[in-house]
Amino acid sequence: MGQGQAHPSVTPLAIAVLALLEERPMHPYEMFQTLIARREDKLVKVRPGSLYHTVSRLADQELVRAEGVDRAGNRPERTTYRITARGREALRDRIAEIVRRPVPEYPVFPLALGELHNLPKAEALTLLRERIAVLENELADADMLSAWAEEHVVPRRYWISLPYLRAMLTAELAWVKGFTAELASGALEWEDFDPVTGARSGGEPAADSAVSPPVPTSAAAKSAPRFSDDPS
């Protein structure tokens, strides 16, 4: 595996698993406990079932290998895994690949914002204010985690994602607050409608009164290749 080679099988959860095994051999349950204790579920979706599946897939690809089986008391057997040289290379290549070049991630919030006009103004405001409360809690949580890391003299290289997450939360919170204030003040026009009948403010049915915005064109769009099943 050379520099720049893609590793599509190394998912975000696989990165987290490989990084843990780079520290020391662990069994999957210990991996899960460690990820939760470190609050890495803020960075990647962590579920016991998906974690066990990820470890199994990494073993099949020889990125990790089973090292031994431990059984204590009445607990089920637990297989300990160790990262391989190939796994270490895959981990480093995947991290470099992600850091090197941003790729579209398609977050769902901008999509919902673009379609928020389908909700009544009062409901939109309620939902936005709920999001503000959640963002404020997440921001406070990020501050608490950063303070804990500093207090316990954790080397900063291990928690540099926290300031990044805080910056993203701060920017989103400021934008959502500004947008909410604009909508609440009436500065942003909003078409009210009956959510049951679909009738809008003018009394016309929603389907008849809807006006679609113009679709922008560009040189890139005009020159885009056609798909093979294009009937034209």
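Is Arg94 buried or exposed? Arg94 counts as buried, at 19% relative accessibility; here buried means under 20% relative accessible area, exposed means over 50%, and partly exposed lies in between (1.4 Å probe, protein chains only). The legends below come back to this residue.

A note on reading the views: this is a predicted model, where local features need pLDDT of at least 70, side-chain atom pairs count only at pLDDT 80 or more, and totals for chains, interfaces and linings use all residues. Residues are numbered from 1 along each chain as its sequence is written, and side-chain values use heavy atoms, with hydrogens and water left out.

**View 1. The protein as a whole has 9 helices and 2 strands.** Helices (H or I, at least four residues) and strands (E, at least two) are DSSP runs, numbered from the N terminus. From that end, the elements run α-α-α-β-β-α-α-α-α-α-α. Of the 232 residues, 26% count as buried. The protein exposes about 15,900 Å², and carbon and sulfur atoms supply 57% of that area; accessible areas come from the Shrake-Rupley method with a 1.4 Å probe, and for residues only the protein chains shown count as cover. Contact means heavy atoms within 4.5 Å. Among contacts between residues at least 6 apart in sequence, 61% join residues at least 24 apart.

**View 2. A salt bridge links Arg88 and Glu22.** Side chains of opposite charge can pair when their charged atoms come close. The term is used for a side-chain nitrogen of Lys or Arg within 4 Å of a carboxyl oxygen of Asp or Glu, and a search of the whole structure finds 13 of them. In this one, the closest N and O atoms of Arg88 and Glu22 are 2.7 Å apart. Arg88 lies in helix α4 and Glu22 in helix α1 (residues 12–23), so the pair ties together parts that are 66 residues apart in sequence. Arg88 is partly exposed, with a relative accessible area of 28%, and Glu22 is partly exposed as well, at 32%.

**View 3. Arg38 forms a salt bridge with Glu23.** Their closest N and O atoms are 2.7 Å apart. Arg38 sits in the loop between α2 and α3 while Glu23 belongs to helix α1, so this pair ties together parts 15 residues apart in sequence. Arg38 has a relative accessible area of 39% and Glu23 is at 42%.

**View 4. Within helix α4, Glu97 pairs with Arg94.** The closest N and O atoms of this salt bridge are 3.3 Å apart. The two residues are 3 apart in the helix, separated by about one helical turn. Glu97 counts as partly exposed at 22% relative accessibility, whereas Arg94, our opening residue, counts as buried at 19%. Elsewhere, salt bridges that share partners join Glu23, Arg24, Glu30 and Arg38 into one network.

**View 5. Ile95, Ile98 and Val99 form a nonpolar patch on the surface.** Together they have about 280 Å² of accessible area. Patches are made of residues with over 30% relative accessible area and no salt bridge, with like charges joined within 9 Å and nonpolar side chains (Val, Leu, Ile, Met, Phe, Trp, Tyr) within 5 Å. Ile95 lies in helix α4 (residues 85–100) and is partly exposed, at 39%.

**View 6. The structure holds 1 aromatic pair.** Trp175 and Phe179 are stacked, 5.2 Å centre to centre with 20 degrees between the planes. Rings of Phe, Tyr and Trp (its six-membered ring) pair if their centres lie within 6.5 Å; planes under 30 degrees apart count as stacked, over 60 as edge-to-face and the rest as tilted. The two residues are 4 apart in helix α7 (residues 161–185), about one helical turn. Trp175 is partly exposed at 46%, while Phe179 is buried at 13%.

**View 7. Two residues other than glycine have a positive phi.** Most residues other than glycine have a negative phi. Arg39, with phi near 60 degrees, is found in the loop between α2 (28–37) and α3 (48–60). Val153, with phi of about 50 degrees, lies in the loop between α6 (121–151) and α7. Arg39 counts as partly exposed at 26%, and Val153 is exposed at 69%.
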